[in-house]
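Welcome! Take a look at the sequence and the structure first, and then read on.

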Amino acid sequence: MKNSSMNTHMGSITIDKEVISQYAGSVAVECFGIVGMAGVNVKDGLVKLLKMDSMTRGIVVTMVNNKLVLDFHVIVAYGVSIIAVSENLISNVKYKVEEFTGIEIEKINIFVEGVRVID
């Protein structure tokens, strides 16, 4: 399924998954300790930091039982607590994406693909 849909008393609303991933990515990079989204090349096993215009490739959005499941592939800053950054990311994304879309989030999976020193 490419889009997420919901029916209201006024009609149906369809939100493209690309819109959800773009918004979730912008919320994620605002979180402390997140350097950016990671693009993973499965064939070569390479991970690279994605630019802002292609950050949606680091996020996978799926619908399960009319609820969102978000998978984030991120690169974190060196020296920060990965657990603290992950908890912050989950709470911010859950709150803001649910408010933005009106769709409940079932699960947020975070895959830390690398660590970078930031200047």
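## A bridge between Lys-67 and Glu-104

Lys-67 and Glu-104 form a salt bridge, with their closest N and O atoms 3.8 Å apart. The term salt bridge is used here for a side-chain nitrogen of Lys or Arg within 4 Å of a carboxyl oxygen of Asp or Glu. Lys-67 belongs to strand 6 (residues 67-77) and Glu-104 to the loop between helix 2 and strand 7, so the pair ties together parts that are 37 residues apart in sequence. Helices (H or I, at least four residues) and strands (E, at least two) are DSSP runs, numbered from the N terminus.

Both partners are partly exposed: Lys-67 has a relative accessible area of 27%, and Glu-104 one of 43%. Buried means under 20% relative accessible area, exposed over 50%, and partly exposed in between (1.4 Å probe, protein chains only).

## About the model

This is a predicted model, in which local features need pLDDT of at least 70 and side-chain atom pairs count only at pLDDT 80 or more, while totals for chains, interfaces and linings use all residues. Residues are numbered from 1 along each chain as its sequence is written, and side-chain values use heavy atoms, with hydrogens and water left out.

## The other salt bridges

How many salt bridges does the structure hold? There are three. One of them joins the side chains of Glu-30 and Lys-96, at 3.7 Å from N to O. This pair links distant parts of the chain, as Glu-30 sits in helix 1 (residues 17-30) and Lys-96 in helix 2 (residues 82-101), 66 residues apart. Glu-30 is exposed, at 56% relative accessible area, whereas Lys-96 is partly exposed, at 31%.

Lys-94 and Glu-98 also meet through their side chains in a salt bridge, at 2.8 Å from N to O. Both residues lie in helix 2, four residues apart, which is about one turn of the helix. Lys-94 is partly exposed at 32% relative accessibility, and Glu-98 is partly exposed at 23%.

## Strand 6 and its partners

Let us return to strand 6 and look at its surroundings. Of its 11 residues, 10 are buried, so strand 6 is largely enclosed by the rest of the structure. Strand 5 and strand 6 run antiparallel and are joined by six bridges; two strands pair if DSSP finds at least two bridges between them. Within this pairing, Val-61 has Leu-70 of strand 6 as its bridge partner. Strand 6 also pairs with strand 7, in the parallel sense, over 10 bridges. Ala-77 stands opposite Arg-116 in strand 7.

Glu-106 is found in strand 7 and is partly exposed, with a relative accessible area of 44%. Leaving out residues up to four places away in sequence, Glu-106 touches Val-64, Lys-67, Leu-68 and Val-69, where contact means heavy atoms within 4.5 Å. Glu-106 and Val-69 are 37 residues apart in sequence, yet 5.6 Å apart in space, C-alpha to C-alpha.

## A turn with positive phi

Most residues other than glycine have a negative phi. What is the phi of Asn-65, which is not a glycine? The value is positive, about 55°. Asn-65 lies in the loop between strand 5 (59-64) and strand 6, in a hairpin that has two residues between the strands. Asn-66 is found in the loop between strand 5 and strand 6 too, and has a positive phi of about 60°. Asn-65 is exposed, with a relative accessible area of 67%, and Asn-66 counts as exposed at 61%.

## The nonpolar core

The largest nonpolar core has 23 residues, and those with the most contacts inside it are Ile-34, Leu-68, Leu-70, Phe-72, Leu-89 and Val-93. Such a core is a set of buried Ala, Val, Leu, Ile, Met, Phe, Trp, Tyr and Cys residues joined through side-chain atoms within 4.5 Å. Helix 1, strand 3 (34-41), strand 5, strand 6, helix 2 and strand 7 each give two or more residues to this core. Strand 6 gives the most, with five residues.

Phe-72 shows who meets whom here. Apart from neighbours within four places in sequence, the contacts of Phe-72 include Ala-24, Met-37, Ile-59, Leu-89, Val-93 and Ile-110.
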